[in-house]
Amino acid sequence: MPDKGAPRASTRRRGSRSLASLAVLATTFALIFSACSSGATTAPADGGGGALPSASGATSIRSNEHEPVPSSSVAAMVDYCTNKTGLTAPVAITNHNDFQDQFNTFMQGTPEDIVKWFTGERVRFPARNGLLTPIDDVWAAVGSNYTEGMAKASTGDDGKKYAVPINAYPWVVNYRKSLFEEKGYTVPKTWDEFVTLATKMQADGLVPLAFADKDGWPAQGTFDILNMRLNGYQFHSELLAGKQKWTDPKVQAVFAKWAELLPYTQPDPLGRTWQEGAQAWANNEAGMYFLGTFAAQQVPPEDQADVDFFPFPTLGTEWDSEMGIDAPIDAWILSKAPKNLPAAKAMLACFATPEAQAQFVSKDPSTIAAVSNADTSNYTPQQKRMAEIIGASGGIAQYLDRDTRSDFAGAQGMQALLQDFLKNPSQDLAAYTQKIQGVYDSLPPQ
């Protein structure tokens, strides 16, 4: 998933804490998994479900955030919790994309006690394969900090908890306010308005949409949003879960609509990283960039207040009011054989607090805290906008490579298959989607 990060300092817009802003976050995460949250339980944060045993000494942490911005967020969170608990917790860092590709092999070896990873299917898979330690006692201590939906996202197939969510961010159309003001552009809400704007941008010498897919995963976000806009969240989620067929004409319609979008996107995306795409947008070479809000990490600190974003336009379907969106959640997990179990669980409990998550998002204002009782007094206007956009959606997806099995999403699966489409978008879509289904059908049972 997204290799988020680039050198910059975060900016912070201070405002007064309000009940309204807290309500926005509570609503946000209540909606994130509203479709699948029934049956999940939480427990009081005061330890009403049973206190954790006392801990001392050291635990170890593996982070998948190697670039300065997300790395600094991890450091801030860990520093806060080591000071709070009195524990020692050295952090080892791995390149984000490399770690994602090597995750299963790494977890089968001798991993650190605590590992930064994802929720959803990406935590259920290692859990059902015996690679994780359940943390129900941690959730008994801190579960009231989360919505039932967040609890569901952290739950394995066996009903046990395996993850501590820490932050989330939406996939949106990023733009620079000053450029829109200078050119007289208006934020589009519909496909027709979007095409009109894109055509005007081209006439003004701009690339309408920055686009990059050298690493394989960014294009998955474009597929997700078009599928949700055309076919709705439920079909999208069922398709990724293998309950719908890729040969369905509904899927062919997604690629046909994508082909209509490509003339407005940055050419030759397979030779460009997401950071390079974001730099083209940040430098006003491209007017917009459909990516996670982490695209703002490529904007200089002094220009952060100029960043804004909006949901991908509606396509005139029955799903317009649903406004489906990708809003991935990052989390901490516990490896199968931690060397200091009490210390690791004490750190995880600390990571689940509003105070620790405030430290994380203060260093990276392109994300918001995962806890529903977050203190938003130091949120930037952009962070408050993220919460509003997520909260207004009736269908929240986790992102293609987290909502489907990893051996299908990865370099030998959908990454390569989507790149094949981008190389030849005019190919026979019936044959192309049959190829995708063939890859899925060839995978071993899970």
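## Terms and model

Two strands are said to pair if DSSP finds at least two bridges between them, and both strands (E, at least two residues) and helices (H or I, at least four) are DSSP runs numbered from the N terminus. In strand β3, isoleucine 114 is the bridge partner of isoleucine 61.

This is a predicted model, in which local features need pLDDT of at least 70 and side-chain atom pairs count only at pLDDT 80 or more, while totals for chains, interfaces and linings use all residues. Residues are numbered from 1 along each chain as its sequence is written, and side-chain values use heavy atoms, with hydrogens and water left out.

## The sheet

Six strands form an open sheet with mixed pairing, in the order β2-β1-β3-β10-β4-β11. Its edge strands, each pairing on one side only, are β2 (91-93) and β11 (368-369).

Strand β1 (residues 61-63) runs parallel to β3 (residues 114-118), with two bridges between them, and arginine 62 stands opposite valine 115 of β3. Helix α4 (residues 121-128) packs on the sheet and touches β3, β4 (163-168) and β10 (329-334), where contact means heavy atoms within 4.5 Å. The pairing of β3 with β10 is antiparallel and extends over five bridges; there, tryptophan 117 lies opposite alanine 331.

## Strand β3 inside the structure

How many of the five residues of β3 are buried? Five of the five are buried, so β3 is largely enclosed by the rest of the structure; buried means under 20% relative accessible area, exposed over 50%, and partly exposed in between, with a 1.4 Å probe and protein chains only. Ile114, Lys116 and Phe118 point one way from the strand, whereas Val115 and Trp117 point the other way.

## Helix α3

Helix α3 (residues 96-108) has 13 residues, which at 1.5 Å a residue should span 18 Å, and this agrees with its end C-alpha atoms being 18 Å apart; the expected span is 1.5 Å times one less than the number of residues. Its buried residues are His96, Asn97, Phe99, Gln100, Phe103 and Met107, and what covers them includes β1, β3, α4, β10 and α15 (400-403).

## Nonpolar cores

A nonpolar core is a set of buried Ala, Val, Leu, Ile, Met, Phe, Trp, Tyr and Cys residues joined through side-chain atoms within 4.5 Å. The largest one has 62 residues, and Phe223, Trp246 and Phe255 are among those with the most contacts inside it. Helix α9 (residues 218-240) contributes the largest share of this core, seven residues. A second, separate core has 49 residues, including Ala151, Leu334, Met347 and Ala349.

Notes:
Axes are lines fitted to C-alpha atoms, for helices over the stretch in contact, and angles run from 0 to 180 degrees between N-to-C directions.
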